[in-house]
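Me: I would like to learn how to read a few features of a protein model. Could we work through one together?

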Amino acid sequence: MTTRRKLAAGNWKMNGLAADLAEVTQLAQAHPAPGCDILLCPPATLLDRMSAAARGSAIATGGQDCHARASGAHTGDISAAMLVDAGASHVILGHSERRADHGETSAQVLAKAQAALSAGLCAVVCIGETLDQREAGETLGVIGDQLAGSVPEAVTGDNLVVAYEPVWAIGTGKIPTLEQIGEVHDFLRKDLVARFGETTGNAIRLLYGGSVKPANAAEIFAVANVDGALVGGASLKAADFSPIIAALEASQG
Ligand code: PEP
């Protein structure tokens, strides 16, 4: 059986100013030698400073997007190498807010993921269905297509993480049933094994994301093939993220 080290990932989205870096220091002090990996993805303006604040701790940092090109005339965009330069080891790609707000397609996410891998980053690729798609019984088809279309060939358990984030669960306080989460994660695991083989397919970590809170974290982490969480709102404060990390550590066994 493959043992995957679990991952608690925080997505700060468009939140966070210099004063909020105190949360990183608190989190680092609360988890000096965690039994899982910890990742924080702040807005680009804070990445360099957060990486400095986290240096020497167990907290890794990541971007929330990158451009598919290495450099050039792309005003306002950020390359994968720039994220690395700012201390990042990871990048979130294809978050549903980017797919919705910026019209990002799976083909674009794939190109970004290829750029991320080339720069030495681990890509956290997000997929998930809308409420309409779930109610129409299309969930597995939609996420299967997103997975196939967004994930490049050259992936390993070290440079790819997949986050299943039902769009209707993000920031809403609603979560799927544990059976629904389990069904999707089992489907994703089988899909990855079919595409990349037993070793790689079983090494890639699958995160659940969408309204993970201290109160529901333990039950979600007990679901098979849930290797951690991508957490938005509850990652902003150490007081909220820390018990989620503790629940994940406890689930690692
Ligand atoms: C997210 O943005 O990836 C997310 C899961 O947000 P929240 O935890 O706030 O639902």
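This is a predicted model: local features need pLDDT of at least 70, side-chain atom pairs count only at pLDDT 80 or more; totals for chains, interfaces and linings use all residues.

Me: How many strands close into a barrel, and in what order?

Reply: Strands of a sheet pair through backbone hydrogen bonds, either parallel or antiparallel. Here eight strands form a closed barrel, ordered S1-S2-S3-S4-S5-S6-S7-S8, with parallel pairing. From one strand to the next the twist averages 25°.

Me: Over how many bridges do strand S6 and strand S7 pair?

Reply: S6 (residues 160-164) and S7 (residues 205-209) are joined by four bridges, in the parallel sense. Tyr 164 has Tyr 208 in S7 as its bridge partner.

Me: How do the axes of H1 and H10 cross, and are the helices roughly parallel or roughly antiparallel?

Reply: The axes of H1 (residues 21-30) and H10 (residues 238-252) come within 9 Å and cross at roughly 30°. An angle under 35 degrees counts as roughly parallel, so H1 is roughly parallel to H10. Their crossing is right-handed. Glu 23, Gln 26, Leu 27 and Ala 30 of H1 meet Ala 238, Phe 241, Ser 242 and Ile 245 of H10. By class, this contact has five nonpolar, two polar and one charged residues.

Me: Is Ser 96 buried or exposed?

Reply: Buried means under 20% relative accessible area; Ser 96 has 15%, so Ser 96 is buried. Ser 96 lies in helix H4 (residues 96-101). Leaving aside residues up to four places away in sequence, Ser 96 touches Val 167 and Ile 170.

Methods
Residues are numbered from 1 along each chain as its sequence is written. Side-chain values use heavy atoms; hydrogens and water are left out. Helices (H or I, at least four residues) and strands (E, at least two) are DSSP runs, numbered from the N terminus. Buried means under 20% relative accessible area, exposed over 50%, partly exposed in between (1.4 Å probe, protein chains only). Contact means heavy atoms within 4.5 Å. Axes are lines fitted to C-alpha atoms, for helices over the stretch in contact, and angles run from 0 to 180 degrees between N-to-C directions. Angles under 35 degrees count as roughly parallel, over 145 as roughly antiparallel, 65 to 115 as roughly perpendicular and the rest as oblique. A crossing is left-handed if the near helix is turned anticlockwise from the far one by less than a right angle, and right-handed if clockwise. Ala, Val, Leu, Ile, Met, Phe, Trp, Tyr, Cys and Pro count as nonpolar, Asp, Glu, Lys and Arg as charged, and the others, Gly among them, as polar. Two strands pair if DSSP finds at least two bridges between them.
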